[in-house]
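Subject: Structure for you to look at

Hi,

Here is the structure I said I'd pass on. Have a look at it first, and then read on for my notes.

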Amino acid sequence: TVEIGSQTWFAVNLNYNTGNSWCYDNNGSNCDIYGRLYTWEAATSACPDGWHLPSDDEWTTLIDFLGGEDVAGGKMKETGTTHWNSPNTGATNSSGFTALPGGYRSTNGGFYDRGSFGIWWSATEYSSASAWDRKLGYDTDGVDRDGRSKEDGFSVRCVRD
């Protein structure tokens, strides 16, 4: 775990095998590194007792503590290019969050963008068919917020209750 401001977060992506979760390319070694990719529904119940999928507000609290959307991503990303594609812009991991680019699983069953992007669910719905997420990329030190299909497969970070 890692304490960032007033919050305690998992320091790795969740790798709990449950229904509607996958290893990137269905390769177990990818789960060992990047964690599993979960549909939103699976993500909402995947965190262990005492932990939960962070709300959109909890993600905002983290990002604000790290200086805001324009710079927080760099403070969250693992440094170097072992897992992140070059140039891994702005990556310092000064927060200890150690974000990894696990890519995602599309609703069509394809896997995309490992090495380029990490996308993490929030527990907050955007609409009946979508939920808020946070996205970090290899070519920016910012953090994107978007509402994406609940059927996509994204990474999970748990936060302490």
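A residue counts as buried here when its relative accessible area is under 20%. Keep that cut-off in mind, because Asp133 comes out at 0% and so is buried. One caveat before the rest: this is a predicted model.

Now for the sheet. Three strands make up an open sheet in the order E8-E9-E10, and the pairing is antiparallel. Strand E8 (117-125) and strand E10 (144-149) are the edges, each pairing on one side only. From one strand to the next the twist averages 35°. Strand E9 (residues 130-137) runs antiparallel to E10, and six bridges join the two. If you want a spot to check by eye, Ser130 sits opposite Ser149 in E10.

Then the charged pairs. Side chains of opposite charge can pair when their charged atoms come close. Across the whole structure, the search turned up five salt bridges.

Back to Asp133: what does its side chain meet? Arg148 is the partner, in a salt bridge at 2.8 Å, N to O. Asp133 is in strand E9 and Arg148 in strand E10, so this pair ties together parts that are 15 residues apart in sequence. Arg148 has 18% relative accessibility, so by the same cut-off this residue counts as buried too. Arg148 also forms a salt bridge with Asp146, where the closest N and O atoms are 3.5 Å apart. Asp146, at 34% relative accessibility, is partly exposed.

Arg134 forms a salt bridge with Asp56, with 2.6 Å between the closest N and O atoms. It links distant parts of the chain: Arg134 belongs to strand E9 and Asp56 to helix H3 (residues 56-65), 78 residues apart. Are these two buried or exposed? Arg134 is buried, with a relative accessible area of 4%, and Asp56 is buried at 7% relative accessibility. Arg145 comes into this as well: Asp56, Arg134 and Arg145 are linked in a network of salt bridges.

Cheers

Methods: Residues numbered from 1 in each chain as written. Predicted model: local features only at pLDDT ≥ 70, side-chain atom pairs only at ≥ 80, totals over all residues. Heavy atoms only, no water. Pairing = 2+ DSSP bridges. Helix = DSSP H or I, 4+ residues; strand = E, 2+ residues; numbered from the N terminus. Axes fitted to C-alpha atoms, helices over the stretch in contact; angles between N-to-C directions. Salt bridge = Lys/Arg side-chain N within 4 Å of Asp/Glu carboxyl O. Buried < 20%, exposed > 50% of the residue type's maximum accessible area, 1.4 Å probe, protein only.
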